[in-house]
Amino acid sequence: MISFVVALVLLVVGYLVYGKFVEKTFGPDNRPTPAISKADGVDYIVLPSWKIFMIQFLNIAGTGPIFGAIMGAKFGPVAYLWIVFGCIFAGAVHDYLSGMLSIRHGGANLPDLVGRYLGNITQRVMLIFSVLLLMMVGVVFVFSPAKILGGIWEPAFFVEQFGSYFFWIIIIFIYYIIATLLPIDKIIGKIYPVFAISLIFMALALMTVLLVKWPQIPELWQEFGNMGAERFGSKSLIFPGLFITIACGAISGFHATQTPLMARCVKHEKQGRPIFYGAMITEGIVALIWASVSMYFFYQEPTPGYELVAGGKDAINDAPSVVNIICKDWLGVAGGILAMLGVVAAPITSGDTAFRSARLIIADFLHFEQHSIRRRLTVCIPMFAAAIALLLWQMSDAEGFNRIWSWFGWSNQTLSVFTLWTLTVYLVLNKKNYWITLIPALFMTTVCVTFIFVSPQAFNLSQTLGYALGGVTLALSIIWFVVWMVRRSKG
């Protein structure tokens with residue numbers, strides 16, 4: 001637990017110190033923001049800063065810092081290092097600068113920013129990549145909450161006629177369509193803060209119980225390797241496995257698709273650090289809490305938590321069940337309600353903003369104004385049709401969900417690579433300290449490429465060869481950057 005407390009303090013200090021340094025590097029000023037200069041009452045609209053923070057936090061969080069931290073905790077306390085240093089030096093920097101860059105460019109979406117700084121070809125790749133990722137997010141976050149709700153109650157008629165979960169899938173899709181079409185302040189601006197408060201309250205309640213229980217969980221100086229290899233037979237490598245598994249609690253490319261939504265609602269640029277950097281640090285704290293709770297569940301001494309709670313042994317490999325079991329055991333009836341909000345409402349709210357982001361990205365690329373419902377439907381109808389087709393494929397394949405989720409994890413981190421390189425080029429061109437994004441860009445590039453080489457679902461190469469190719473990728477990335485810098489200095 002000492003490692004947990006130290007990590008918690010470091011996250012707070014990171015916001016106060018490094019967050020301020022990053023803010024000073026960017027240099028926010030008093031120029032009009034898109035919420036004022038391009039106000040349209042639909043997507044560009046001024047919202048209170050506290051509400052933007054809550055929406056941003058829920059947009060980027062969902063169940064990511066919960067499920068990712070639970071699965072990442074199987075590696076042991078080494079997960080603390082990635083959550084803390086990844087969040088402070090990579091994830092929060094990524095979120096803050098992508099949000100501020102969107103503000104500086106009139107609320108531009110991620111593909112537009114990538115195109116401006118990395119070229120038109122990269123922009124087209126990013127457009128397809130972003131929309132596919134957002135579609136996967138929406139589909140994943142339809143099926144998982146529908147499955148949980150279907151396990152609680154579902155009309156017998158729908159089950160008999162169409163099969164399990166169909167009723168809840170329809171309900172969630174109807175909500176997605178409504179939330180995607182309506183102005184951002186009508187649904188998202190009203191219910192998201194409530195769900196965000198619930199998610200934060202659940203995390204704080206669990207942290208309080210952690211501090212009271214003070215369980216004997218592994219410390220960093222006791223166990224530094226992959227504990228899951230011995231206890232659970234896990235074959236996943238710390239590098240790159242840990243850095244793909246824990247995404248939303250450290251760094252996530254999905255966040256860069258969400259920050260433009262809130263960049264279009266910010267009144268002053270100086271609100272950026274508490275909203276963008278602060279929301280990521282808050283997410284890191286949530287991930288840290290769940291990592292510690294999960295280490296109690298997996299590794300408490302002398303008896304692991306899964307042997308002490310009802311149903312624990314059956315939930316070792318099922319993150320949603322771990323959430324329900326722990327919340328009910330530690331927090332009682334209230335915990336069950338909060339778990340429901342965390343496991344059901346959070347992914348649904350991430351799903352609807354994913355579809356909203358996809359609508360805006362497609363509309364911007366096609367130059368479709370989005371003031372009228374008819375224009376919004378023109379984009380939404382084919383988008384939702386494609387999402388339904390992907391969902392039906394997922395449901396027809398027994399491994400469909402696992403396949404989409406695993407590729408979502410890799411795609412998510414690959415998206416962060418594109419964003420970090422875009423931010424690096426921006427900082428270089430504007431004569432600002434580019435090292436704050438260059439180092440994370442090089443690291444995440446190596447992580448994503450190495451994962452492709454060693455992953456059983458991709459090339460499945462040996463660890464030695466995969467690491468060697470990852471090292472070659474790192475060297476080529478450095479050479480590419482140096483050559484670009486030299487050419488740029490020569491005009």
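**Close-up views of a predicted model**

Asp29 is partly exposed, with a relative accessible area of 25%; buried means under 20%, exposed over 50% and partly exposed in between (1.4 Å probe, protein chains only). Before the views, two notes on reading them. This is a predicted model with residues numbered from 1 along each chain as its sequence is written. Local features need pLDDT of at least 70, side-chain atom pairs count only at pLDDT 80 or more, totals for chains, interfaces and linings use all residues, and side-chain values use heavy atoms, with hydrogens and water left out.

**View 1. Salt bridges join Asp29, Arg31, Arg104 and Glu269 into one network.** A salt bridge here is a side-chain nitrogen of Lys or Arg within 4 Å of a carboxyl oxygen of Asp or Glu, and the structure holds 7 of them. Start with Arg104 and Asp29, whose closest N and O atoms are 3.4 Å apart. This pair links distant parts of the chain, 75 residues apart: Arg104 belongs to helix α5 (residues 78–104), while Asp29 sits in the loop between α1 (2–26) and α2 (34–37). Helices (H or I, at least four residues) and strands (E, at least two) are DSSP runs, numbered from the N terminus. Next, look at Glu269 and Arg104, where the closest N and O atoms are 2.7 Å apart. Is Glu269 buried or exposed? At 1% relative accessibility, Glu269 counts as buried, whereas Arg31, at 40%, counts as partly exposed.

**View 2. Helix α5 packs against helix α12 (residues 238–245).** Two packed helices are described by the angle between their axes and the distance between the axes. Here the angle is about 55° and the axes are 10 Å apart. Axes are lines fitted to C-alpha atoms, for helices over the stretch in contact, and angles run from 0 to 180 degrees between N-to-C directions. The two helices are therefore oblique to each other (under 35 degrees counts as roughly parallel, over 145 as roughly antiparallel, 65 to 115 as roughly perpendicular and the rest as oblique). Which residues meet in this contact? Val78, Ala79 and Trp82 in α5 meet Ile238, Leu242 and Phe243 in α12, contact meaning heavy atoms within 4.5 Å. By class, the contact has 6 nonpolar, no polar and no charged residues. Ala, Val, Leu, Ile, Met, Phe, Trp, Tyr, Cys and Pro count as nonpolar, Asp, Glu, Lys and Arg as charged, and the others, Gly among them, as polar.

**View 3. Helix α13 (residues 254–263) is largely enclosed by the rest of the structure, because 10 of its 10 residues are buried.**

**View 4. Arg273 lies in helix α14 (residues 272–299).** Arg273 is buried, with a relative accessible area of 13%. Not counting residues up to four places away in sequence, Arg273 touches Tyr15, Leu16, Gly19, Lys20, Glu23, Tyr96 and Gly278.

**View 5. Ser477 has its place in helix α19 (residues 463–489).** At 11% relative accessibility, Ser477 counts as buried. Trp421, Leu442 and Thr445 touch Ser477, not counting residues up to four places away in sequence.
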